[in-house]
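Reader: I'd like to talk through this model with you, starting with the helices and then moving on to the charged residues. Could you keep the definitions beside the terms as we go?

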Amino acid sequence: MTHYDYIVIGAGSAGCVVANRLTEDPTTTVLLLEAGNPDTKPEIQIPLECTHLLGSEIDWGYFSEPEPYLNDRKIFCPRGKVLGGSSSINFLLYTRGNHRDYDHWQSLGNPGWSYQDVLPYFKKSENQQRGRSEYHEVDGELSVTDVISPAVASQRFIDAAIALGYPHNPDFNGMQQEGAGHFQMTIKDGKRHSAAAAFLLPILQRPNLTTTTGALVTRLLFEGTRTIGVEYVQEGTLHQAKVNSEVILSAGAFDSPKLLMLSGIGDAAQLQAMEIPIVVDLPGVGQNLQDHILALVVYKATQDLRTASTSNGIAEAGLFVHSGDNLDAAPDLELIFGPILLSPPGSPNSSLGFTGLITLTHPQNIGNVSLRARDPKDAPTIRLNYLQSQSDVQKLVDGIKLMRQLFQSNAFDEFRGEEIAPGADIQSDEALKAYIRGNCSTVYHPIGTCKMGTDSMAVVDPELRVHGVEGLRVVDASIMPTLITGHTNAPTIMIGEKAADLIKAAGRVSKPVASAMATLIQH
């Protein structure tokens with residue numbers, strides 16, 4: 001049986017980074033296991049095609065359980081099932097969040113995770129088109145670029161916000177986040193620059209890296225509480241791989257807790273009920289699920305607002321704003337503008353139009369992920385609990401009103417047709433609340449289900465080691481204790497960068513074995 005120094009489960013935004021950094025040492029052997037296939041689908045590379053990837057064969061295609069506060073609707077929860085993970089199907093926006101987000105993580109008992117601590121890791125990954133600065137670097141693997149030939153209407157959105165008194169912000173990842181400006185994208189030479197393209201493709205031929213696709217990990221292997229390897233299925237055949245040092249679990253906010261529970265790490269009562277042998281009673285596994293909530297304002301347009309370029313995503317400009325008076329907190333609303341028409345809850349539409357996406361950056365909903373069955377092929381049970389809080393609903397109402405104010409300003413006079421959603425007849429707060437509960441959705445940013453910390457519900461410590469076991473870390477968005485004020489791709493890559501340094505610092509527990517030849521098994 002083949003032994004590796006490290007086994008990384010999941011070739012997504014964090015897993016690709018970890019695999020890259022650990023194999024920089026030619027004496028360190030790494031097995032990278034990905035349940036999906038190689039990222040050969042042509043649409044992956046075309047930024048404007050991002051909406052067509054959702055629900056495709058490279059998407060796990062998860063749905064929540066019927067949501068009690070959303071008229072019992074099941075919410076679509078796409079996750080990438082492909083090299084690059086969700087960075088291969090996302091909307092390509094590069095936003096790091098607010099500096100207060102990371103200072104808050106540290107205040108929760110996570111030393112080393114303040115903004116000043118994590119900023120160097122954001123910069124380490126980055127190849128910033130605009131050049132080097134206090135907040136940006138140019139030597140990293142990930143291409144971060146400006147929107148190519150942005151639509152005129154996107155600038156009008158910014159102009160409308162400035163006219164209402166909001167500041168112009170040319171860099172949401174710089175000194176401050178508040179204000180209106182153009183987003184930056186993870187695009188290189190007009191193509192999507194996923195974590196796989198940036199961190200994995202350039203190193204596939206390293207002889208100390210073995211990358212295996214179509215490999216569904218079914219359980220972690222233990223001797224007592226020491227992690228010794230993994231079991232996985234590939235083309236119907238069961239395999240085992242042993243590890244000398246550590247297993248790094250990077251399967252995401254839905255599948256990382258699922259695999260922990262299948263392997264006997266989770267709430268003891270729930271595991272006993274499913275007749276799963278208990279390795280560690282860790283009740284926080286699968287709890288603390290958080291996600292950003294989305295509502296749409298959609299107008300028909302009097303003309304085609306898109307540029308001819310397919311090298312832009314569907315969203316080009318944004319506005320971070322406070323709905324209340326607490327200016328010392330991070331913005332609680334993000335307004336996103338796209339010069340195309342989206343139909344609720346976010347499907348592309350061929351008609352001419354423009355769309356405003358209103359996002360709660362810090363909603364109060366807390367959900368959970370649990371096992372549906374003991375079969376690893378079964379999807380996890382996802383409960384989001386969106387809009388438990390009346391204040392969350394009211395903030396979305398306020399966001400819709402602000403978006404309408406922007407769209408009804410003089411800046412949009414030459415573009416504006418009729419309002420499709422919520423619709424001109426939906427005006428009162430009560431009518432808007434009903435619209436929100438019947439139509440709101442997700443921005444696809446699930447986090448928190450293996451949160452880091454030292455309290456009784458924490459799953460990993462501040463070095464991302466799973467409590468109660470040896471040789472196992474979780475490295476993905478599931479370790480975030482709270483949501484960040486923005487999008488989760490850039491922070492997840494940062495987590496991968498920081499984790500790689502933590503893993504290297506810990507060192508290997510045994511002498512290196514002979515390097516395995518690099519393999520990319522394609523199916």
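Reader: At what angle do helix H9 and helix H10 pack, and how far apart are their axes?

Author: This is a predicted model, in which local features need pLDDT of at least 70 and side-chain atom pairs count only at pLDDT 80 or more, while totals for chains, interfaces and linings use all residues. Residues are numbered from 1 along each chain as its sequence is written, and side-chain values use heavy atoms, with hydrogens and water left out. Helix H9 (residues 390-407) and helix H10 (residues 429-439) pack at about 105°, with their axes 10 Å apart; helices (H or I, at least four residues) and strands (E, at least two) are DSSP runs, numbered from the N terminus. The axes are lines fitted to C-alpha atoms, for helices over the stretch in contact, and the angles run from 0 to 180 degrees between N-to-C directions. H9 and H10 are therefore roughly perpendicular to each other, a label for 65 to 115 degrees, with under 35 counted as roughly parallel, over 145 as roughly antiparallel and the rest as oblique.

Reader: Which residues make that contact?

Author: On the H9 side they include Val393, Val397, Ile400 and Arg404, and on the H10 side they include Leu432, Tyr435 and Ile436, where contact means heavy atoms within 4.5 Å.

Reader: And which residues of H10 are buried?

Author: Leu432, Lys433, Tyr435, Ile436 and Arg437 of H10 are buried, with buried meaning under 20% relative accessible area, exposed over 50% and partly exposed in between (1.4 Å probe, protein chains only). The buried residues of H10 pack against strand S17 (293-301), H9 and S25.

Reader: Back to Arg404 for a second, what does arginine 404 pair with?

Author: Arginine 404 meets glutamate 419 in a salt bridge, 2.7 Å from N to O, a salt bridge being a side-chain nitrogen of Lys or Arg within 4 Å of a carboxyl oxygen of Asp or Glu. The pair joins helix H9 to strand S25, 15 residues apart, and both arginine 404 and glutamate 419 are buried.

Reader: How many salt bridges does the structure hold?

Author: The structure holds 27 salt bridges. One of them pairs glutamate 141 with arginine 21, the closest N and O atoms being 2.9 Å apart. Glutamate 141 sits in the loop between strand S5 (126-128) and strand S6 (142-146) and arginine 21 in helix H1 (residues 13-22), so the pair ties together parts 120 residues apart in sequence. Arginine 21 is buried at 3% relative accessible area, whereas glutamate 141, at 27%, is partly exposed.

Reader: What about arginine 73, how far away is the nearest side chain of opposite charge?

Author: That side chain is glutamate 67, 9.0 Å away, and arginine 73 is buried yet has no salt bridge; Lys and Arg count as positive and Asp and Glu as negative, while His and the chain ends are not counted. The side chain of arginine 73 does reach the backbone oxygen of cysteine 440 at 2.9 Å, a polar contact, meaning a pair of N or O atoms within 3.5 Å; within protein, one must be able to donate a hydrogen and the other to accept it, and residues adjacent in sequence count only if both atoms are side-chain atoms.

Reader: Switching to backbone, which peptide bond is cis?

Author: The bond from alanine 421 to proline 422 is cis, with omega near 0°, and proline 422 lies in the loop between strand S25 (416-421) and H10.
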